[in-house]
Amino acid sequence: MEDILYFLQQVINGLTIGSTYALIAIGYTMVYGIIGMINFAHGEIYMIGTYATFIVIAALGMLGIANPFFLMAAALLVAVLVSCAYGFAVERVAYRPVRGSKRLIALISAIGMSIFLQNYMRLAQGSRDMAISSLIPGGWEFGLESFAVNLSYMQVIIFSVTLVCMLLLSSFISRSRLGRACRACSQDAGMARLLGINTDMIISMTFVIGAALAAVAGLLLGMYYGVVNPYIGFLAGLKAFTAAVLGGIGSIPGAMLGGLLLGVAEALTGGYLSTEYKDVVAFGLLILILLFRPSGILGKPEVEKI
Amino acid sequence: MPKLAKQTLKKAGTSPAETIPPQPSYRRPWWSALAAAVLTLVLGGSVLGVQLESTGITTTVRLMGMDTWGWLLAAALAVFLHQLVRPQIEEWRARTRKPSRFSVPDVMSGQKRQLWIMLAIGALLIFPFLSNRSAVDLATLTLIYIMLGLGLNVVVGLAGLLDLGYVGFYAVGAYTYALLNSYLGFSFWEALPIAGLMTALFGYLLGFPVLRLRGDYLAIVTLGFGEIIRILLNNWTELTGGPNGIARIPKPTLFNLEFSRRADEGNIAFHEFFGIDYDPALKVIYLYLLALILVLITLFVIYRLLRMPIGRAWEALREDDIACRSLGMNPTGIKLSAFTIGASFAGFAGAFFAARQGFISPESFTFIESAIILAIVVLGGMGSQLGVILAAIAMTLLPELAREFNEYRMLLFGLMMVLMMVWRPQGLVPLKRPQMELDRG
């Protein structure tokens, strides 16, 4: 019985982290679906979102505001706004000018942007860890006396916010006019442009939506862990990319599934093997999927066009 | 074909700049300029305008002073004005554009070229005897980076495969020598070829499965590989010493003559053998000359490879994957050879690095190193050997010349990578080669 509870606890923890991976992964997958390139700087956008969250919470805390839900709402608003601004600017500066050229060139430009943003934040905010205290402490405990499964309020908030974001995004993509334009662009950007869709605008919008979701993930994970430094974007971005590939890059439900699976896989490794090799599992998983099923779980096999 | 259509076709063909995705519309210049200014203010203000500070147990926020915000406002104003006059600037530029702005003078040809190379090698050989110790040490470091740059250049510049985990191979080379020495007592010269072979093997084993993948997947997988190597080195404490690294790695010897004050048992020190006074500078000079020889060998090998079918195949593959396949070449095999050969140079460089430092730890093999080497290749013009050498010199000398620059080094590297790709993707010293192009008009 204890074994089962222990397993359950790891799964809960894994799903918590996994749902934030899924949020970040959507940014990768949407951009890939439309312009077919990896947005390397996406992890840094998440990092910027986390910093914005911390700044808002600390600033409002200094003004004496302590209502956690108000703090969270204010932080969400600002973090999403700032991240969207960065997502938009990154696309304009580093990706749009190289869109017509070779893949390698776009990729190097993206990596350069990622390095730039990371060091920009390091120089502006310092490289030390910044911590905030938990806004919403406590949780439920259930199980046996010898081992109780712990489900914190914060974890529940993470699940529900992620769920709401996913539902909003899917209905936006499948029902709204812009969402339809988005799908048209991902199927055939040239044709979409001929039919009067402003593809440049749609691409910008994709980056902005991805950045907004990354900011939400930044807020949630920032409040969950309570720590931020300029280097968190690198690993989070890599993990989220793994999640996107795992689910099938270009597919939004795939990114959600991939995020959750990766989170659980990591938590189980951490719980049963060793926490040091948690990251190795993520990368190993990435290599294995790319070897045996490059199109991911829900993706369609890619046909190379000449 | 009607006359009009023919003319437009011709026009589009002669100026490829016009086929690049369209410029934003200038219907409402005031609005877009204002939006850009506000965007600048949000971007700058949110990160530079406020600062998180930890005071005791709580974290507080400090609003930066008027000088920071003054600069931010000035920047926003500059962006506003620039956006307003941008249509005019672009129009003026388009009118006064010249076909080519800058090119390297073509002094390097035939006999003259050989003479220049001989002179350069001669100067590099004499250099350590005329210079002071720290300069020679710095030159040795530069040579290591040149070697890494040349090796990565094979993979990225020539074969067009983006390898973000190159430092992983460097680490494999360094640890191969360090471990062989500390467990089995191998000397530098015995371990050097093994280090090269070992990294080539790693490159082969990693490349074999992943090189079938498309370019951007490859980038991520190699990035993951570099991280896995570092994490393994950090955590496999019984074998590698974990974060403490491996110390007391012996320096290379010259025909079993050691360059230390006192030789180990069974060996003779260099100064004792020749009956001269002990001079610590000799060791530094020896290391420098060794690095120089390694770099020259690397240069020569790559130079020859480029003129062999395999080198031609690398470049052909980089230019057009599908055309290559239709000509009956095996893309995976060609990529694999580039990947393996590139990796083995990192292995040699790694073994030399371990010998020079005398101490290695996983700290030396982070992603930043990969990024620096990549920046060298990108700045030098992907594919150009001379460019890589010049870029490596610039990248290692600049931080030494301006200490305060060191803080901003990675920031500028990142910025440079973006700007180079946007403005001059062929690099500062692009590869020149006889070529013919069909007139598309």
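In the hairpin of β1(B) and β2(B), two residues lie between the strands, and G56(B) takes a positive phi near 65 degrees. This is a predicted model, in which local features need pLDDT of at least 70, side-chain atom pairs count only at pLDDT 80 or more, and totals for chains, interfaces and linings use all residues. Residues are numbered from 1 along each chain as its sequence is written, and chains are lettered from A and ligands numbered from 1 in the order in which they are written.

**Strands of chain B**
- Strands β1 (residues 50–55) and β2 (residues 58–63) of chain B run antiparallel and are joined by six bridges (strands pair if DSSP finds at least two bridges between them; strands are DSSP runs of E, at least two residues, and helices of H or I, at least four, numbered from the N terminus).
- V50(B) has L63(B) as its bridge partner in β2(B).

**Helices α2 and α3 of chain B**
- The axes of α2(B) (residues 29–47) and α3(B) (residues 66–96) come within 8 Å and cross at roughly 150 degrees (axes are lines fitted to C-alpha atoms over the stretch in contact, with angles from 0 to 180 degrees between N-to-C directions).
- That angle makes α2(B) roughly antiparallel to α3(B) (over 145 degrees; under 35 is roughly parallel, 65 to 115 roughly perpendicular, the rest oblique).

**Helices α5 and α8 of chain A**
- The axes of α5(A) (residues 153–175) and α8(A) (residues 199–225) come within 10 Å and cross at roughly 175 degrees.
- α5(A) is therefore roughly antiparallel to α8(A).
- M154(A), I158(A), V161(A) and C165(A) of α5(A) make the contact with L213(A), V216(A), L220(A), M223(A) and Y224(A) of α8(A) (C-beta atoms, placed from the backbone, within 7 Å).

Note on methods
Two residues are in contact if their C-beta atoms, placed from the backbone, lie within 7 Å.
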